[in-house]
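Me: I am new to this structure and would like to learn how to read it step by step. Could you take me through its features, giving the general idea before each case?

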Amino acid sequence: MYVVIKAFTDLHDKNHPYNVGDSFPRAGVEVSEKRLKELSSSSNKQGTPLIELFEPIEVVKTLETE
């Protein structure tokens with residue numbers, strides 16, 4: 001999953017607006033690997049990365065014993 005790091009309007013998705021923190025792509029929309037690379041690099045019309053790969057971290061809770 002990718003997350004938006006700079007607001008943009010997706011010209012490949014009927015001008016759908018994305019805000020910082022939104023998931024990319026939105027539900028029901030498929031995006032090519034080429035498009036993901038374009039938006040996550042400076043190889044797009046804004047010239048700066050717009051999305052980044054979101055990798056959730058696993059939180060482990062431990063019990064302390066006395």
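**Reading the fold**

Reply: From the N terminus on, the elements of the protein run β-β-β-β-α-β, where helices (H or I, at least four residues) and strands (E, at least two) are DSSP runs, numbered from the N terminus. The radius of gyration of the protein is 16 Å, well over the 11 Å that the globule rule gives for 66 residues, so the protein is more spread out than a compact globule; that radius is taken over C-alpha atoms, and the rule is 2.2 Å times the number of residues to the power 0.38. Please keep in mind that this is a predicted model, in which local features need pLDDT of at least 70 and side-chain atom pairs count only at pLDDT 80 or more, while totals for chains, interfaces and linings use all residues. Residues are numbered from 1 along each chain as its sequence is written, and side-chain values use heavy atoms, with hydrogens and water left out.

Me: What does the C-alpha trace of the protein span along its principal axes?

Reply: The trace spans about 60 × 25 × 20 Å along those axes.

Me: How should I read the sheet, and which strands are its edge strands?

Reply: The general idea is that two strands pair if DSSP finds at least two bridges between them. Here an open sheet of three strands has the order E4-E1-E5, with antiparallel pairing. Its edge strands are E4 (23-24) and E5 (51-53), each of which pairs on one side only. Strand E1 (residues 2-4) is joined to E5 by three bridges, and the two run antiparallel; Tyr2 stands opposite Leu53 in E5.

Me: How do I read burial, and what share of the 66 residues is buried?

Reply: Burial is read from relative accessible area: buried means under 20%, exposed over 50%, and partly exposed in between (1.4 Å probe, protein chains only). In this protein, buried residues make up 21% of the 66 residues.

Me: Is Asp10 buried or exposed, and which residues is Asp10 in contact with?

Reply: Asp10, which lies in strand E2, is buried, with a relative accessible area of 3%. Contact means heavy atoms within 4.5 Å, and, leaving aside neighbours within four places in sequence, Asp10 is in contact with Asn15, His16, Tyr18, Phe24 and Arg35. Asp10 and Pro25 are 15 residues apart in sequence, and their C-alpha atoms are 9.6 Å apart in space.

Me: What should I look for in the backbone angles?

Reply: Most residues other than glycine have a negative phi, and most peptide bonds are trans. In this model, the peptide bond from Phe24 to Pro25 is cis, with omega near -5°, and Pro25 has its place in the loop between E4 and helix H1 (33-39). Lys14 has a phi near 50°, a positive value in a residue other than glycine, and is found in the loop between strand E2 (8-10) and strand E3 (16-18). Asn15, placed in the loop between E2 and E3, has a positive phi near 60°.

Me: How accessible are Lys14 and Asn15?

Reply: Lys14 counts as exposed at 80% relative accessibility, whereas Asn15 is partly exposed, with a relative accessible area of 48%.

Me: How can I see which parts of the chain come together in space?

Reply: One way is to set separation in sequence beside distance in space. Ile5, in the loop between E1 and E2, is 45 residues from Leu50 in sequence, and their C-alpha atoms are 5.4 Å apart in space. Ile5 is partly exposed at 36% relative accessibility, and, with neighbours within four places in sequence left aside, its contacts are Val20, Pro49, Leu50, Ile51 and Glu52. Ala7 is also found in the loop between E1 and E2, and its C-alpha atom is separated by 7.6 Å from that of Pro17, 10 residues away along the chain. Not counting residues up to four places away in sequence, Ala7 touches Tyr18, Asn19, Val20 and Gln46.

Me: What share of the contacts between residues at least 6 apart in sequence join residues at least 24 apart?

Reply: Among those contacts in the protein, 39% join residues at least 24 apart.
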